[in-house]
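Hi everyone, thanks for coming. Today I'd like to talk about charged side chains and who pairs with whom.

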Amino acid sequence: MRRIFLVGYMGAGKTTVGKALAKLAGLSFIDLDYFIEGRYRKTISQIFAEKGEEGFRKIERNMLHEVAAFEDVLISTGGGTPCFFDNMEFMNASGTTIYLKVSVEELAKRLELCKHTRPVLAGRSGEELRAFIADSLTKREPFYTRAAVVFDADRMMTDSDVREISASLMRFI
């Protein structure tokens, strides 16, 4: 029975690497945000708007505990998941945690391309986006670095890079 939890900032590649790694390892893949959206039949943005961040984080914690009961699963968490309640300690006790570490500069490049799908980034670009990411990452990194494995995922440009990262991560699971 294996449980793998991928943690890291938005845009770090948790879903992309998670799908490839789960396939390679013969594990089921669950994206926690999509799991929540499916259960509540609402987008994360809608849940945030209706319940506020505190309400969303309670839902997220409950859903994390639910999926952590599954066996042979790789779970891609939301960027904030490890930073609330005892979530990081819970994940460490329930399985193997892997932090996909990506530099502020690389995150800014990736998120510039998809900021329209991430409400917290709307209207931010260039240096403002970079500063926002740097500030957020500074607050979140103490949680992320509690992961059992810290893996540099800065170089992830092609499908080949994703396969290479997944193959490298196999030794930890």
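**Salt bridges in this model**

Let's start with Arg 155 and Asp 161: their side chains meet in a salt bridge, at 2.9 Å from N to O. Keep in mind that we're looking at a predicted model. Is Asp 161 buried or exposed? Asp 161 is buried, because its relative accessible area is 9%, and the cut-off for buried is under 20%.

Why would side chains do this at all? Well, opposite charges can pair when the charged atoms come close.

Okay, next pair. Arg 39 forms a salt bridge with Glu 66, and their closest N and O atoms are 2.5 Å apart. This one links distant parts of the chain: Arg 39 sits in helix α2 (residues 32-40) and Glu 66 in helix α3 (residues 44-67), 27 residues apart. As for the surface, Arg 39 is partly exposed at 41% relative accessibility, and Glu 66 is also partly exposed, with a relative accessible area of 28%.

Lys 139 and Asp 135 both lie in helix α6 (residues 126-144), four residues apart, which is about one turn of the helix. They form a salt bridge too, with the closest N and O atoms 3.1 Å apart. Lys 139 counts as exposed, at 55% relative accessibility, while Asp 135 is partly exposed at 42%.

How values were computed: Residues are numbered from 1 along each chain as its sequence is written. This is a predicted model: local features need pLDDT of at least 70, side-chain atom pairs count only at pLDDT 80 or more; totals for chains, interfaces and linings use all residues. Side-chain values use heavy atoms; hydrogens and water are left out. A salt bridge is a side-chain nitrogen of Lys or Arg within 4 Å of a carboxyl oxygen of Asp or Glu. Helices (H or I, at least four residues) and strands (E, at least two) are DSSP runs, numbered from the N terminus. Buried means under 20% relative accessible area, exposed over 50%, partly exposed in between (1.4 Å probe, protein chains only).
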